[in-house]
Amino acid sequence: QGYEGLVEGGDNIKQANWLSVSNIIQLGGTVIGSARCKAFTTRAGRLRAARNLVEHGITNLCVIGGDGSLTGADIFRSEWGGLLEELVQDGQISEEVAQENCHLNIVGLVGSIDNDFCGTDMTIGTDSALHRIMEVIDAITTTAQSHQRTFVLEVMGRHCGYLALVSGLASGADWLFIPESPPEDGWEDLMCERLGE
């Protein structure tokens with residue numbers, strides 16, 4: 001469950017074995033769980049996460065996520081030494097254990113369907129999301145044609161119109177709204193004219 005699992009500890013942290021990773025390659029990445037974690041945004045939450053990692057002897061962390069997850073990873077990395085010191089002072093870990101776990105290695109992978117991270121060709125999740133959108137468009141296109149109706153499809157992307165733009169191009173959409181290019185005044189009449197054609 002992402003950072004939630006780190007903070008809560010217990011059964012959320014377990015070693016992956018062959019059985020636990022078998023037969024999941026065709027599933028979405030969220031098969032391992034995903035959660036927003038308010039506790040991790042606080043130092044107290046990160047202290048609990050550090051304690052749980054040290055308890056399991058984990059000094060390497062792979063963070064897959066968007067802006068919040070990767071920002072959290074950077075903060076966690078920068079605080080790591082201080083968190084260990086605090087755990088030693090509170091008597092939760094020994095000085096020896098702190099020395100053994102003194103360095104936290106973090107690898108950050110951009111997992112965001114928005115495809116809005118500079119320096120990457122395509123972020124993790126974008127291709128899967130695009131395929132799902134196209135499946136939905138293929139399914140409703142015949143219905144729209146048989147009923148001679150216009151269908152409006154909204155896709156995710158928060159502040160990024162990549163999925164809307166690419167799926168619109170791939171499906172031959174008649175009209176498209178994306179946040180990077182807000183509609184100009186009078187767009188309603190122009191859209192109706194276009195659809196009327």
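**Terms and values**

Guide: Thr-123, setting aside neighbours within four places in sequence, is in contact with Val-110, Ser-112, Asn-115, Asp-116 and Phe-117. The model is predicted.

Visitor: Where is Thr-123 found?

Guide: Thr-123 sits in the loop between strand E2 (105-110) and helix H6 (126-147).

Visitor: Why does Thr-123 count as buried?

Guide: Buried means under 20% relative accessible area. Thr-123 has 4% relative accessibility, so Thr-123 counts as buried.

Visitor: What makes the approach of the Thr-123 side chain to the backbone oxygen of Ser-112 a polar contact?

Guide: The cut-off for a pair of N or O atoms is within 3.5 Å, where one must be able to donate a hydrogen and the other to accept it. The side chain of Thr-123 reaches the backbone oxygen of Ser-112 at 2.4 Å.

Visitor: How far apart are Thr-123 and Gly-65 in sequence and in space?

Guide: They are 58 residues apart in sequence, and 9.6 Å apart in space from C-alpha to C-alpha.

Visitor: What makes a set of residues a nonpolar core?

Guide: Its members are buried nonpolar residues joined through side-chain atoms within 4.5 Å. The largest such core here has 22 residues, and Tyr-3, Leu-53 and Trp-80 are among those with the most contacts inside it.

Visitor: Which elements give two or more residues to this core?

Guide: They are helix H1 (3-8), helix H3 (43-55), strand E1 (60-65) and helix H4 (67-89). H4 supplies the largest share, six residues. Another core, of six residues, lies apart from it and includes Ala-129 and Leu-163.

Terms used
Residues numbered from 1 in each chain as written. Predicted model: local features only at pLDDT ≥ 70, side-chain atom pairs only at ≥ 80, totals over all residues. Heavy atoms only, no water. Buried < 20%, exposed > 50% of the residue type's maximum accessible area, 1.4 Å probe, protein only. Helix = DSSP H or I, 4+ residues; strand = E, 2+ residues; numbered from the N terminus. Contact = heavy atoms within 4.5 Å.
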